[in-house]
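Take a look at it before reading on.

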Amino acid sequence: MKLLARKLPWLLGTLFAVSFFTFMLVSLLPGDPAVMILGAGGVSPEAIAQLRLELGLDRPLVIRYFDWLGSALSGDLGRSPMTGQSVTDAILSRLPVTIQLGVMAIVIALALAIPLAMVSAYFAGSRLDRSISGVGFALMSVPGFMMAIFLILIFAVGLGWFPATGWVSLTDSPAANLRSALLPALSLAMIELALYMRLLRTDLIDTLQQDYITLARAKGLPNWLILTRHALRPSSFSLMTVVGLQLGGVISGAIIVEEIFALPGVGRLLYQSILQRDLLMVQGIVLFIATAYVVVNFLVDLCYSLLDPRVRYAD
Amino acid sequence: MTDANQHEPLLLRVTGLTVRLNSSHGLVHAVEDVSFSLARGQTLGIVGESGSGKSVMARSLMGLLPRRSIAFGSGSILFHTDNAQEQDLAQMPDKLMRHLRGPAMAMVFQDPMTALNPVLRLSVQLTEPLRQHLGLDRQQARSRAIELLAAVGIPDAAGRIDQYPHQLSGGMRQRVVIAIALACNPALLIADEPTTALDVTVQKQILDLLARLQREHNMAMILITHDLGVVASRADYIAVMYAGRIVEYAPARTLFTSMQHPYTEALFKSIPRINDPSHTRLQAIPGRPPQLINAAVGCAFAPRCQYVQPRCRQQTPPVVEVPDAREHRHACFYPISPGLNREEGDD
């Protein structure tokens with residue numbers, strides 16, 4: 001609670017700054033939204049001016065910002081001039097897809113990365129360790145869209161185990177939902193996996209040289225217990241920070257994968273809104289991403305104290 | 001090697017222990033041809049400067065050196081378990097060795113600030129060996145752990161047990177480390193500089209605690225220190241280590257009355273004494289202990305020895321017995337004590 005009180009002003013400040021700069025950046029982009037909506041050819045300047053007036057684009061930037069911020073605070077991010085859809089509704093309706101994707105990806109990545117990092121660190125320098133690191137490096141250097149295409153080629157086109165595109169919602173059919181989510185989640189996970197593994201391996205190797213690990217061995221504990229109970233927790237700080245950042249960045253991370261797999265998520269919404277110059281939609285989503293980032297990182301800060309009692313009692 | 005130790009049955013007999021380690025600078029000759037034996041309930045003090053191979057030797061007895069760091073190892077570590085069987089720990093695979101760590105031998109570490117896991121409660125760290133080796137259930141192990149904490153002199157043990165290491169002072173933490181070591185009632189306790197990292201006022205308390213527990217449990221103890229004064233009154237036997245070798249070994253009283261090796265003498269003179277007139281300068285040993293990388297020819301102490309002779313730089317002196325003295329050995333061509341036949345030890 002004390003932590004919350006200390007961090008809250010900082011949290012709000014960050015959000016305010018982020019919202020301001022997003023608004024400015026998006027508004028200062030070249031290209032007139034009114035022109036985009038009406039189409040470039042054969043529209044009279046009067047019609048454009050009329051639309052600008054309706055959209056409020058004739059008012060000063062700062063006024064427009066506070067106007068937008070005011071409604072944003074009450075949960076109204078405006079209405080897309082292209083589709084007429086409420087931005088808030090659009091985001092909320094697509095959010096479950098993106099969250100499921102992101103969470104699945106991180107769970108898969110962690111489930112593979114933690115044991116692999118333990119094996120790697122325990123046998124550091126061995127051939128096994130070098131092979132694991134080598135595969136990790138290879139995975140890390142493959143761009144996300146390539147990974148997605150590979151997976152589609154192998155598991156959807158080649159083996160036919162999973163659908164190549166499309167989404168079935170969890171409420172319609174949980175089994176089909178998992179089938180449709182697995183490949184996209186896997187292509188996100190493969191890239192994260194390598195990063196998590198390398199981070200954790202480095203920290204584990206460091207931890208394994210600590211005196212308290214020697215003491216744990218001197219107690220006659222089996223190696224698996226030493227690795228899981230004694231070494232993992234003190235080694236997982238950087239891992240948790242990065243997982244937190246990635247969880248916050250799930251939406252932006254999912255843009256390409258959602259587009260390739262044609263999933264109705266927030267990432268794809270953002271991508272399409274950018275293409276259509278749907279400013280209100282872009283602003284809304286970016287504000288949403290930034291909020292997610294800040295909130296998740298705050299939660300990560302709270303989690304440090306779960307990992308390390310010294311942080312807990314320092315408060 | 002006719003160490004009698006007649007009164008008590010033999011617990012440990014180390015013969016020709018040699019350990020060479022890989023390091024980024026090359027091969028480290030950490031332990032060279034070390035031999036000694038230890039009976040139940042007795043204390044062996046191992047004295048030497050930092051870098052003399054004391055800790056590596058202790059860890060190799062426990063089988064705690066990382067396998068990959070060992071470039072070469074030879075010699076035997078015969079350990080008599082409870083049923084009087086003799087086992088060579090040097091040949092024992094880690095899977096079996098693990099079951100001896102805790103119940104047969106345990107270790108107290110130098111720095112209590114780093115020896116306890118910062119993220120685990122004392123209860124977890126104390127009950128682990130109890131549950132692992134003695135098969136106690138959670139509740140039994142917990143109450144036994146509280147007894148252990150009380151036995152090492154921690155006030156309010158029942159309340160302290162759920163704390164984390166950082167909530168305890170250095171001396172208290174060392175008591176916890178000792179409690180962990182004693183958990184399974186080991187026959188041998190290896191204390192690797194147990195007081196070096198502690199305040200002077202706490203040092204004596206911890207040493208006294210170790211002595212009391214040793215008596216109560218009839219444990220043998222290997223007390224490793226760089227301070228000859230620490231072992232003077234507490235050890236039955238003293239081994240002086242230099243550059244990975246035992247350069248002198250004797251019953252504690254014999255060592256102080258008729259030390260043979262110039263290095264022992266130099267160590268002895270570097271202890272401040274209460275009877276010295278004030279402002280007496282301490283006699284520091286000139287030079288530095290040798291790097292143990294790529295063993296040099298000749299006696300390792302020769303460059304710092306005030307009695308050095310040409311021969312010392314050409315040949316490595318073998319370990320020889322002092323004639324007419326019980327269990328007194330040294331490795332010097334020109335031992336210092338007068339009245340003893342120097343030529344005897346020459347060849």
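UniProt annotations may be inferred rather than shown by experiment, and their positions are given here in the numbering used for this structure. The model itself is predicted. Its overall scores are ipTM 0.85 and pTM 0.81.

UniProt, in an unreviewed entry, places the feature "domain: ABC transmembrane type-1" at residues 95–304 of chain A. What is this span made of, helix or strand? Over residues 95–304 of chain A, the chain is 80% helix and 0% strand. The C-alpha atoms at the ends of that span are 27 Å apart.

The unreviewed UniProt entry also lists stretches under "transmembrane region". Take two of them. Residues 181–200 of chain A are 100% helix and 0% strand, with end C-alpha atoms 27 Å apart. Residues 137–161 of chain A are 80% helix and 0% strand. Their end C-alpha atoms lie 27 Å apart.

How confident is the predictor here? Chain A averages a pLDDT of 83, and 94% of its residues score at least 70. Among the elements of chain A, helix α9 (residues 211–218) has the highest mean pLDDT, 93. Helix α2 (residues 33–38) of chain A has the lowest, 68.

Now turn to chain B. The mean pLDDT of chain B is 87, and 94% of its residues reach 70 or more. Among the elements of chain B, strand β3 (residues 43–47) has the highest mean pLDDT, 95. Helix α9 (residues 228–232) of chain B has the lowest, 87. Two stretches of chain B call for caution. Over residues 1–5 of chain B the pLDDT is below 50, and the model gives this stretch 18 contacts beyond near neighbours in sequence. Over residues 339–347 of chain B the pLDDT also stays under 50. There the model has nine contacts beyond four places in sequence.

The structure holds 15 salt bridges over all chains. One lies within chain B: the side chains of B:Glu32 and B:Arg20 meet at 3.0 Å, N to O. This pair links distant parts of the chain, twelve residues apart. B:Glu32 sits in strand β2 (residues 26–39) of chain B, and B:Arg20 in strand β1 (residues 10–23) of chain B.

Next, see where the chains meet. In chain B, 32 residues are in contact with 25 residues of chain A. The size of an interface is often given as the accessible area lost when the parts come together. Chain B and chain A bury about 2500 Å² between them, 56% of it on carbon and sulfur atoms.

Polar links cross this interface too. Between chain B and chain A, 14 residue pairs are in polar contact, both residues at pLDDT 80 or more. The rule finds two salt bridges across the interface. One of them joins the side chains of B:Glu128 and A:Arg229, at 2.6 Å, N to O.

Which elements of chain B give two or more residues to the side that touches chain A? They are α1 (54–62), α2 (94–100), α3 (112–115), α4 (122–134) and α7 (170–182) of chain B. The largest share, six residues, comes from α4(B). By class, this side of chain B has 15 nonpolar, nine polar and eight charged residues.

Technical notes: Residues numbered from 1 in each chain as written. Chains lettered and ligands numbered in written order. Heavy atoms only, no water. Contact = heavy atoms within 4.5 Å. Buried area = accessible area lost by both parts, 1.4 Å probe. Salt bridge = Lys/Arg side-chain N within 4 Å of Asp/Glu carboxyl O. Polar contact = N/O pair within 3.5 Å; in protein donor to acceptor, adjacent residues only side chain to side chain. Helix = DSSP H or I, 4+ residues; strand = E, 2+ residues; numbered from the N terminus. Nonpolar A, V, L, I, M, F, W, Y, C, P; charged D, E, K, R; others polar. pLDDT = per-residue confidence, 0-100.
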